[in-house]
Amino acid sequence: MRFIRLLSHSTISRFKLDPNYAFKCGIEIHTQLKTKYKLFSLSPTTTSSHIVPPNSSISYFDIGLLGTQPKLNPEALLLALKLAAALGCEVQTTSAFDRKHYMYPDQPLGYQITQHYHPIAKNGSLTLRSGVDDEGNYRLDADKCINIEQLQIEQDTGKSIYTDDDEIKIDYNRANMPLVELVTKPDFENFTQIRCFLRKYQQLVKYLNICSGDMENGAIRVDVNISVNGGNRVEIKNLGSTTEIKQALRYEYKRQIQLLQVNITVSQETRGWNGTETVKARSKEDAVDYRYVPDSELSQIYLSPTIAKEIYDEIEPQLPERVLQKLVLSPYDLEVKHAKFLLDNNDNVLPYYFQLVEAVGARDPHIKCTTINNWMFHEVLGSFHKNNQIFDINVLPFDKLASLITLVNGHDSRLTLTSARVLLTHVISNPGDARPLDALIEELDLEKPRDVSEHDILEAVQEICLEIIEQNPDVVKKIRAGKAKSINHLVGLAMKESQGKVKSSLFLQTFQRLI
Amino acid sequence: MADVADLIQTHKETNDKIDDETVNKIMKLAALNTHLLSESEKKVISDGLNAHMAFAKHLYDESVEVVEKEDSNDFHFRLLESDHKQSEPLTLSALKAQIEALKPDFEKGEVGFKANKPFFTIKK
């Protein structure tokens, strides 16, 4: 399970725009759908996270054997419709598949089955909200609506591996994997918007279980179209990470400015990114003639006019924006960054959080969510981090944490915060120790003194404080000279002496009174 | 009835010819390398394609100007029942039922089929 740092700061240098050269960009995102089977056959899907031998997850159709025919996998259709509904697209009640012809070894049919004339959905949008959809150092100046041209369902290709022996090895495991291609309008005005959009999109597809959202392993691939000052657009293909996208756009933006500065028209062309620069792949004149024709073996898709609404009604409560809204409002009252952290870990940490809140409420309904949130995001995550471990819900099940919170903040508080931290550290450092908290409290002698009168406690506190004052004359001198914060050192010594069984605030008050 | 030889001869006299650039483009689309061809081989291909054009033109009414557009490919007739007899529109419940009923078919190589070598290999 991945622990995502709450505050991640990119050290990549900023992509600065020249106000005299307007940046305009649209993107095309290819998203691998998380289906059990492939798009037009029922061979199993694999992703890069699955280690399978090459050419072991294929069917006769996937490798284009003669006599095979495509048949649409309805699960791919459902996931595409979910995405369309989530993006507010107009789902087309009639859509169809077409053949895009080109010859390449990783395309065994000699054409890709796609949706050129009648895509599954059109005209959606995704709005970026300033203050909510920011990404690390990338802060949106204002809300921005990115319009979506269309969504289309299409096949993925196989993988080509180029060897030093002048051979091309082809692995068809990826051939016929289901993809959705999303095409935006050229609404992006800067890289910050692109970065935030991609992050929000990744979160959406992960959250709805449409896609793994993993750019690094190729589940999401991006092409960008960039123009400067309204000139011809240049397409940059196959960018596999946000770093590559930023670097490629920065390079291409500068390249186009340099051309414009010497009055050379930017050519409309397709370029690739080689890690250092964009390089020409083909120009408009060399454009491939794809000879699109409707696929003669696939029926058109006829959908009920109400299907989009039905799907939207099903997914709406689970949409990340709705969940985020729920988390930042009462009763949860989470900070936006913490709510986003939960969304990013929606498969394990988010349900854990909800279960934790419910469990604490069942034990002591007076404990506020803000207290639970402080435990979750500061004490617990901080403690795991200090122990160089990632947060693991199996090491600290929600009911155990709920008990711990109740022991400290509940009506019948048995532990001080200091003792609770000691206990927490023990639990995290000893994942194999499944003993209940009561047994650990007893063994570590962490419980607050019970059956001791308040008078006796105050007397003991005074005794400890006087002893510490006597042993630390230099510190006392500093406090009296005006360095008030030095008192915390004395409080720390007292807490150690009392094994954390007495509240630090009591020691603080006593020291202040005595000094 | 037009004589085939006359058709080809007529076509040779028009300006409507397949030139070298078109031959190169067609070869490239078929993933074939044109600069391995000799001049005479290129001419054979060009002549053959020109003959094809003559026949194709003959099939069309020459009084009507045919403007080739990619979009016109969308309206080709397909021998698929669903194009002519529309099925029941797919509802969400029907879609989910289809998903539940999915079962890979051994006869289509969807179960247990693997290539007999690790990779399909192409020598450049």
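**Notes on chain A**

1. Of the 515 residues in chain A, 51% are buried (under 20% relative accessible area, with exposed meaning over 50% and partly exposed in between, for a 1.4 Å probe and protein chains only). Please keep in mind that this is a predicted model, where local features need pLDDT of at least 70, side-chain atom pairs count only at pLDDT 80 or more, and totals for chains, interfaces and linings use all residues. Residues are numbered from 1 along each chain as its sequence is written, chains are lettered from A and ligands numbered from 1 in the order in which they are written, and side-chain values use heavy atoms, leaving out hydrogens and water.

2. On overall form, chain A has a radius of gyration of 30 Å, whereas a compact globule of 515 residues would come near 24 Å (taken over C-alpha atoms; the globule rule is 2.2 Å times the number of residues to the power 0.38). Along the principal axes, the C-alpha atoms fill a box of roughly 90 × 55 × 50 Å.

3. For secondary structure, chain A has 15 helices and 16 strands (DSSP runs numbered from the N terminus: H or I of at least four residues for helices, E of at least two for strands).

4. Now to the cysteines: there are zero disulfides over all chains, a disulfide being a pair of cysteine sulfur atoms within 2.5 Å. C145(A) is in none, and the nearest cysteine sulfur, in C89(A), is 11 Å away. C145(A) is partly exposed, at 34% relative accessible area.

5. C196(A) is buried, at 1% relative accessibility. Its sulfur lies 14 Å from the closest cysteine sulfur, that of C25(A), which is too far for a bond.
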